[in-house]
Amino acid sequence: MNCPTPDEVRSEISRVQSSFESSYWLKYQLATALLRDAVEAARDAVELSSLLAARCATTLTLFRDPAAARNIENTVRSPASSPWLRHALASAAQRDPVDAAHDAEHLMRLLARRVEAAGGTDCCDAGSAQW
């Protein structure tokens, strides 16, 4: 995958922030993530996406897996978790699991591209890389 330019990433972020189709949650989490260190924000977004995808998967199956909810709860309570990640998880818990997982994945990809455009680690395929 080609590395995006900073202008391409800014344009992509601007489209998300101005789109009527983007959820308020996604816009808010993106805006607050942009105030943070790019690499730390991208790493937290990978964790957020992973936790919310697991929550979504267990919600859609006949057999509930309490581990997904426990993992989110443990992350929210952990002093090692960033305040941004704790807030994003807590606020996502109030949302539809599928919508939350989709928005978290979109957020993760945007923040990974932001790091890549800045000359950081190749993380366009965030989640499968060494994050």
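I note here that the model is predicted.

**Entry: confidence**

I checked pLDDT next. The protein chain averages 88, and 87% of its residues score at least 70. I then went through the confidence of the helices. H4 has the lowest mean, 88, and H2, residues 24-33, has the highest, 97. Over residues 124-131 pLDDT stays under 50. For that stretch the model has 19 contacts beyond four places in sequence.

**Entry: elements and burial**

I found six helices and zero strands in the protein chain. Read from the N terminus, the order is α-α-α-α-α-α. Of the 131 residues in the chain, 41% are buried. I also looked at contacts with a separation of 6 or more: residues 24 or more positions apart account for 66% of them.

**Entry: H1**

I compared the length of H1 with expectation. Helix H1 covers residues 6-18, which is 13 residues. Its first and last C-alpha atoms are 18 Å apart, close to the 18 Å expected at 1.5 Å a residue. I listed its buried residues as Val9, Ile13 and Val16. Viewed down the axis of H1, these fall within an arc of 60°, so they line one face of the helix. The face turned away from that buried side carries the exposed residues Asp7, Arg10 and Ser18. As for partners, the buried residues of H1 pack against H2 and against helix H6, residues 97-117.

**Entry: H2**

Which residues of H2 are buried? I have Trp25, Leu26, Gln29, Leu30 and Ala33. They cover an arc of only 125° around the axis, which puts them on the same side of H2. The buried residues of H2 pack against H1, H3, H5 and H6.

**Entry: H4**

I repeated the length check on H4, residues 66-77. At 1.5 Å a residue its 12 residues should span 16 Å, and the end C-alpha atoms are 16 Å apart, which agrees. In H4 I found Ala68, Ile72 and Thr75 buried. Their arc around the axis is only 65°, which puts them on the same side of H4. Pro66 and Arg77 are exposed and sit on the face turned away from the buried side. The buried residues of H4 pack against helix H3, residues 38-59, and helix H5, residues 83-92.

**Entry: three single residues**

I took alanine 88 in helix H5 as one case. Alanine 88 counts as buried because its relative accessibility is 0%, below the 20% cut-off. Beyond its neighbours within four places in sequence, alanine 88 is in contact with Trp25, Gln29 and Leu48. Trp25 and Gln29 were already on my list of buried residues in H2.

Alanine 100 lies in helix H6. At 0% relative accessibility, alanine 100 is buried too. Leaving aside neighbours within four places in sequence, I recorded contacts of alanine 100 with Trp25, Leu52, Arg55, Ala92 and Arg95. Trp25 is in the contact lists of both alanine 88 and alanine 100.

Valine 46 is in helix H3. I found valine 46 buried, with a relative accessible area of 13%. Its C-alpha atom is 8.3 Å from that of alanine 104, a residue 58 residues apart from it along the chain.

**Entry: cysteines**

Is cysteine 3 buried or exposed? Cysteine 3 has a relative accessible area of 53% and is therefore exposed, the cut-off for that being over 50%. Cysteine 56 has a relative accessible area of 12% and is buried. I then counted disulfides, taking sulfur atoms within 2.5 Å as the rule. The count comes to zero.

Key:
Residues are numbered from 1 along each chain as its sequence is written. This is a predicted model: local features need pLDDT of at least 70, side-chain atom pairs count only at pLDDT 80 or more; totals for chains, interfaces and linings use all residues. Side-chain values use heavy atoms; hydrogens and water are left out. Helices (H or I, at least four residues) and strands (E, at least two) are DSSP runs, numbered from the N terminus. The expected span of a helix is 1.5 Å times one less than its number of residues. Buried means under 20% relative accessible area, exposed over 50%, partly exposed in between (1.4 Å probe, protein chains only). The arc is that of the directions from the helix axis to the C-beta atoms. Contact means heavy atoms within 4.5 Å. pLDDT is the predictor's confidence in each residue, from 0 to 100.
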